[in-house]
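Let's take a walk through a protein structure together.

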Amino acid sequence: MANRFLCGIFLAAGCLMLPAAGAQQHPASKDAVQKPESTPRLPDGHPDFSGVWYPGVIKDINHIPPNENHRGYDPKVTPQEKPAFQPWAQEKIRLMGLTTDNHLELLVPNLECMPRGALSYFIGSGYAIQLVQNVHELALLTESDTTWRYIPTDGRGHPKYMDPQWNGNSVGHWEGDTLVVDTVSLDTRAWIGYPDYLGWFPSDEVHYTERISRPEAHTLVYQATVEDPKVLTKPWTSVPRKFTWAAGKWINERYNCTNMSDYQQLSPDKKPIDAEGNDERFYDEAEYERMRKQFNK
Amino acid sequence: MRKLGGFLLLAFSVLLCAMPAMSHHSFAAEFDGHKLITYTGILTKLDWGNPHGFFYLDVKDESGNVTKWAFEIASPNILRRSDEATRTYFLANMGKPISTTACPAKNGIPRAATQYVKFADGRIAPMGPKTYMGDLDSEQILRNLK
């Protein structure tokens, strides 16, 4: 049974990887500015989004210093609208601690390393994503939480019975060269966040519509609309955000938040880690040497 | 809870003005973005983890007393995009003196948020988001160090 299950996984992974392998054959250019190339296509003619993508417009994918910020959009050209909250939601936000600029990021669940939620891999994170696609489905792998999103594009609808999930339940369909993804059944702890506005809480009726396109080989464009009849007075739409194709690159695990020294430092009820970075729950070489001498007699 | 909320809120309102988007959480709650201090010490440990990496130096003061300092850097995934060999540089410098420009913790504990690092062979590289808000040139300070 286990073997059959594993075989299924490998087969599925193999099907997903085939178009990805084709996409990766494009040479990784080291030019300062990438020249536009035509969009790779799937056998059925739809755009192929497969590849590793870095958020923002990146001139040199081989060198992105940590002290530089690469925006996916220019707020002067396309300013980001703010969410329109219902009065009760506005009051809840005020009670939680509202600043003059309507910012509500005091207790972002991700501060405790909870997953950031389905939208955040595109609009709330500086981490790389990898898209793996064939004519039937699209899979998103992400460094941000070391999780995944699975989006069938074979015409199926949402299942009849759904449980809330951090990334919800997604189905996709094509409108021309744009993949439109419908996402429901979201865990209400998955705040909606984006870099200029670190987040707000959704209700159990929140509904995302996401639009993904690849106008040319090196550029992915993503836009999301959030409808939430219990929290918002009208849908909120993100401005289109750009990603840069990181041809030939790998994404890495983020082994989510095993190193939360800051959080422990900021939370008096958590056990602090000492100045040497030691946490008593885990193996430490110096401690081993010290205790070995004391106890291994 | 409300008290904590207010605390974090204040922290974030400062954070939003100054921080690149990829920071995981509150820099301003923990570190002083208006202070930049240069530390030199022996590299004793690298903690290559998310959401932030840390390295540790034995820093000797003028009277010869050694203090163990922890320095927060960006996440490994972010640092790899700058230079895939970043971890290797740290490992090659274990037991050697390195220098760093960093914003110290507000509460006085031996902990700081690194801006740039200068390794024993003279290599200088940014290792954290740009969180220092003052006028000093973090990179140039390390270049001028002998």
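How many residues lie between strand 5 of chain A and strand 6 of chain A in their hairpin? There are two residues between these strands, and A:Gly176 in the turn has a positive phi of about 65°. Before going on, note that this is a predicted model, in which local features need pLDDT of at least 70, side-chain atom pairs count only at pLDDT 80 or more, and totals for chains, interfaces and linings use all residues. Residues are numbered from 1 along each chain as its sequence is written, while chains are lettered from A and ligands numbered from 1 in the order in which they are written.

Strands here are DSSP runs of E with at least two residues, and helices are runs of H or I with at least four, numbered from the N terminus. Strand 5 (residues 169-175) of chain A pairs with strand 6 of chain A in the antiparallel sense over seven bridges; pairing requires at least two DSSP bridges. Across this pair, A:Val171 stands opposite A:Asp182.

Strand 6 of chain A also pairs with strand 9 (residues 207-216) of chain A, again antiparallel, over five bridges. There, A:Thr183 has A:Tyr208 as its bridge partner.

Now look at the side chains. In a regular strand they alternate between the two faces of the sheet. Along strand 6 (residues 178-184) of chain A, A:Leu179, A:Val181 and A:Thr183 point to one face and are buried, that is, each has 20 or more other C-beta atoms within 10 Å of its own, with C-beta atoms placed from the backbone.

How values were computed
Buried ≥ 20, exposed ≤ 12 C-beta atoms within 10 Å, placed from the backbone.
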